[in-house]
Amino acid sequence: MNGMNQNNLLTTPLTPKRSTRIDQKTVITSGNAGKIIPVACIPLLREDGVKRSRMQIAVEMMETAEVLFNGVNVTVSAHLVPKLAFDRFNGMDDLNRSYQGVPREDGETPIPFIETHTFSQADNEFYKTLGMHAQGSATVNRDYIEAYNTVVNFRRKERSSSLSMRTMTDTSLAQAFWNHTTMAHIVPDFDQAIIDGEVALNVVGSQLPLRSDGYVEELIGGVYKAYPTGGDSAGAPSGNSTDGYNWTTQIFAEMADDGITVSLSNIEMAKKTQAFAKARSMFQGHDDDYIIDTLMSGIRIPDQAMKQPILLAQQRTQMGYQQRFASDAANLDESVTVGGALVDITMRTPAINTGGIIVVTCEITPEQLFERQKDHYLHNTSVSNYPEFTRDELDPEKVSIVTNDHIDVDHSNPNAVFGYAPLNHEYMRSAPNIGGKYYRPEVDASFDEDRQKIWANETVDPELTEDFYLCNNVHHKVFSDSTSDAFEITARGIFEITGNTVFGGALKEATDDYDQVMADVDQTRLTKA
């Protein structure tokens, strides 16, 4: 009987012969600072994996009038965006049904595996930067732009919950992130309950009687009545407790007999709750609370890692400068400065069941100089304001309020709250000192030849808003040509991708060789009698 059993419920797929294909990238493009510039998009089909790859990105800065004092940062990143990370798929069942054109429920429309939109050659910053072409207003696959926007939204969630999200159809270039080296510790708010913890208090007795100065309140016949302390209820006035008495005096609970207790178990619970709250905060980037609750329960969600972009590679560097002087005798003091940076990245991936898009981006941002940042030691006039070990060690909330003048002493509202930072953060010092002929006591947008050496992107009355995180307003006045793209990007890369794609053999130009050979064959001899 056992030999007659058949297993018709196998879940192991067929095993195709793996092939290797090459995706070679040659990129020449341009852009400005303060943008997340798409350099390349590499599509991966389902079950594709990157066996090996290497990409070299060169960034050339156009001419500036002077050698810049502050650095220009270049950040190159490569993210894998699995197809499951697209918003329309809630899980692998959705993705597999969509791939085969099967709806979730009978009668429903299948989820489109490929979303499309109209290609606009004239007004499409994303495709123009990537160097993508299509005829007229053709209908094209939306995967590249969806993957780009998914990466941007993922990074914004990681940076701050207050940043707005982009739509999947936004074809503009997203703002780059400021590379905060001295202000990254400042946040717009903090979870006080996680720092403090909360201890449950138990009230002994069901009620606590209330008293005021000189009067006692007592429940008589279902009505609270007041009478003088030391008296009795027989002399209490009729009506409620306010009859004939001035209740603007202090009111307090009488705890001589009843009271409030704190148990050791309550303290222990507060500690554990605090620890779990800190652990839960690590999952806050997920959109749905049920995902967080499931992960907090110690239950793995195998598909969840495929529902968000995965950082494959990232390299940061700074521009190097080269000054070039004029060669004619009349202008030997005249010069221009150019800059450049070179970045190499490599990446590999296992076979990706969902397929996806590898998005390579480049961000160019000038180093931020908070040159009017407050020197707290200079402004301190009392020893009591210095750090003090015992006081600070016993402080249950080791948090400092950061006022606006910490960022800019010329702020019009210097004492308002800018944000919050760890206690004594002002003694982890990293502030620029720009003086002499470069000294600028206030934000000044007018032209200053000496200041051509400083690429300062200043804001009047800075606040901890979206402008603090994103490069919303980056000027290019330091460049000789301030209207054209200030940076040129060239890249070369090669990706070896293994997958289930079947390739035909090499083709040769058509000839009549076959017919010539067949002409020499005795066809009649091959014919059956």
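Visitor: In what order do the five strands of the open sheet run?
Guide: The order is β1-β19-β3-β15-β14, and the pairing is antiparallel. Strands here are DSSP runs of E with at least two residues, and helices are runs of H or I with at least four, numbered from the N terminus. Two strands pair if DSSP finds at least two bridges between them. Please note that this is a predicted model, in which local features need pLDDT of at least 70 and side-chain atom pairs count only at pLDDT 80 or more, while totals for chains, interfaces and linings use all residues. Residues are numbered from 1 along each chain as its sequence is written, and side-chain values use heavy atoms, with hydrogens and water left out.

Visitor: New topic: how many residues has the largest nonpolar core?
Guide: That core has 81 residues, and those with the most contacts inside it are M55, I345, V360 and F487. A nonpolar core is a set of buried Ala, Val, Leu, Ile, Met, Phe, Trp, Tyr and Cys residues joined through side-chain atoms within 4.5 Å. Strand β2 (residues 36-44) gives the most to this core, with seven residues.

Visitor: What is I345 in contact with?
Guide: Leaving aside neighbours within four places in sequence, the contacts of I345 include M55, V76, A313 and V360. Contact means heavy atoms within 4.5 Å.

Visitor: Where is T349, and is it buried or exposed?
Guide: T349 is in the loop between β15 and β16 (356-366). With a relative accessible area of 11%, T349 is buried. Buried means under 20% relative accessible area, exposed over 50%, and partly exposed in between (1.4 Å probe, protein chains only).

Visitor: What does T349 touch?
Guide: Not counting residues up to four places away in sequence, T349 touches L44, G49, V50, L80 and L312. A polar atom of the T349 side chain lies 2.9 Å from the backbone nitrogen of V50.

Visitor: What about N413: where is that one?
Guide: N413 is in the loop between β17 (399-403) and β18 (417-422). N413 is partly exposed, at a relative accessible area of 43%. N413 and D461 are 48 residues apart in sequence and 7.7 Å apart in space, C-alpha to C-alpha.

Visitor: How many aromatic pairs does a search of the whole structure find?
Guide: The search finds 13 aromatic pairs. Rings of Phe, Tyr and Trp (its six-membered ring) pair if their centres lie within 6.5 Å; planes under 30 degrees apart count as stacked, over 60 as edge-to-face and the rest as tilted. One of the pairs is F126 and Y148, which is tilted, at 5.1 Å centre to centre and 50° between the planes.

Visitor: Which parts does that pair tie together?
Guide: F126 lies in helix α2 (residues 125-130) and Y148 in helix α3 (residues 143-159), so the pair ties together parts that are 22 residues apart in sequence. F126 is buried at 0% relative accessible area, and Y148 counts as buried at 1%. F119, F126, Y127 and Y148 form one aromatic cluster.

Terms used:
Polar contact = N/O pair within 3.5 Å; in protein donor to acceptor, adjacent residues only side chain to side chain.
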